[in-house]
Amino acid sequence: MTDVKKPRRRPRSDGQRNREHLLDVAKTAFTMGEVDIPLDEVARRAGVGIGTLYRHFPNRDALIEAVYRAELDRLAEAAPVLAAQHPPVEALRAWMRLFVDYIAAKQVIAPALNGLVGGTGALYAHSGDVLKAAVNRLVAAAIVAGELRADIEPLDLLRALAGVSNFSAGPGWENSAKRLVDILIAGSRSAVS
């Protein structure tokens, strides 16, 4: 008798919609400061049964981590889309503005993330790799196009934005950080652009 593995089937569209809606509801709750929202309340607000929630997220940590990863995925997926739609330096500018939004979302769910049983080390290490790959690709394209200086270190751009978010995370810091994107791009331009 041979051991035949069935191919993994794709999630049903209604299941995928339920999962995304649960993530949105959880993110909204975290945004409103409801870090300890009960999982049955997340399910109720999403209009699904608790079994549906547990089918997608077997525990609270899985839900919190999935909210964070969804934000990271949105940012990572935006890089090639922006690169296809805009000149290289404009794609970089648009992506860096999205990075500010990502930092804001991360700050909102940070209290929930800090409660993860296994800690955040592996999760943050993965996100660092994803972010580095995206910004490296965008900066490299802008350098090749002659729009940025060749000595620009992609991570320096992200450090500057992360720094402004940590310096003053008071109201309006996102607008300040997005203005900083323009300053960083202007200061990084090549002499010929």
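Glu41 and Arg45 both belong to helix α2, where they sit 4 residues apart, about one turn of the helix. In this predicted model, their side chains form a salt bridge with an N to O distance of 2.8 Å. Glu41 has a relative accessibility of 19% and therefore counts as buried, the limit being under 20%. Arg45, at 37%, is partly exposed.

The structure contains 13 salt bridges. One of them joins Asp24 to Arg74, with N and O 3.6 Å apart. This pair connects distant parts of the chain, since Asp24 is in helix α1 and Arg74 in helix α4, 50 residues apart. Both partners are partly exposed, Asp24 with a relative accessibility of 37% and Arg74 with one of 44%. Another salt bridge is formed by Asp101 and Lys178, whose closest N and O atoms are 2.8 Å apart. Asp101 lies in helix α5 and Lys178 in helix α8, so this pair ties together parts that are 77 residues apart in sequence. Asp101 is partly exposed, with a relative accessible area of 35%. Through shared partners, salt bridges also join Asp24, Lys27, Glu71 and Arg74 into one network.

The largest nonpolar core comprises 59 residues, of which Leu92, Trp95, Met96, Phe99 and Leu161 touch the most other members. Two or more residues each are contributed to this core by α1 (13-31), α2 (39-46), α4 (60-85), α5 (88-113), α6, α7 (154-167) and α8 (173-188). Helix α5 supplies the largest share, 13 residues. When residues up to four places away in sequence are left out, Met96 touches Leu157, Leu161, Val181, Leu184 and Ile185.

Aromatic pairs number 3 in the structure. In the pair of Tyr68 and Tyr102, the ring centres are 6.1 Å apart and the planes stand at 50°, so the arrangement is tilted. Ring pairs link Tyr68, Trp95, Phe99 and Tyr102 into a cluster.

Helix α6 covers residues 121-144, and its 24 residues should span 34 Å at 1.5 Å a residue; the end C-alpha atoms are 34 Å apart, in agreement with that value. The buried residues of α6 are Leu123, Ser127, Leu131, Ala134, Val135, Leu138, Val139 and Ala142. Just after this helix, Gly146 adopts a positive phi of about 80°.

Definitions and conventions. Residues numbered from 1 in each chain as written. Predicted model: local features only at pLDDT ≥ 70, side-chain atom pairs only at ≥ 80, totals over all residues. Heavy atoms only, no water. Expected span 1.5 Å × (residues − 1). Buried < 20%, exposed > 50% of the residue type's maximum accessible area, 1.4 Å probe, protein only. Core = buried A, V, L, I, M, F, W, Y, C linked by side-chain atoms within 4.5 Å. Contact = heavy atoms within 4.5 Å. Phe/Tyr/Trp six-rings, centres within 6.5 Å; stacked < 30°, edge-to-face > 60°. Salt bridge = Lys/Arg side-chain N within 4 Å of Asp/Glu carboxyl O.
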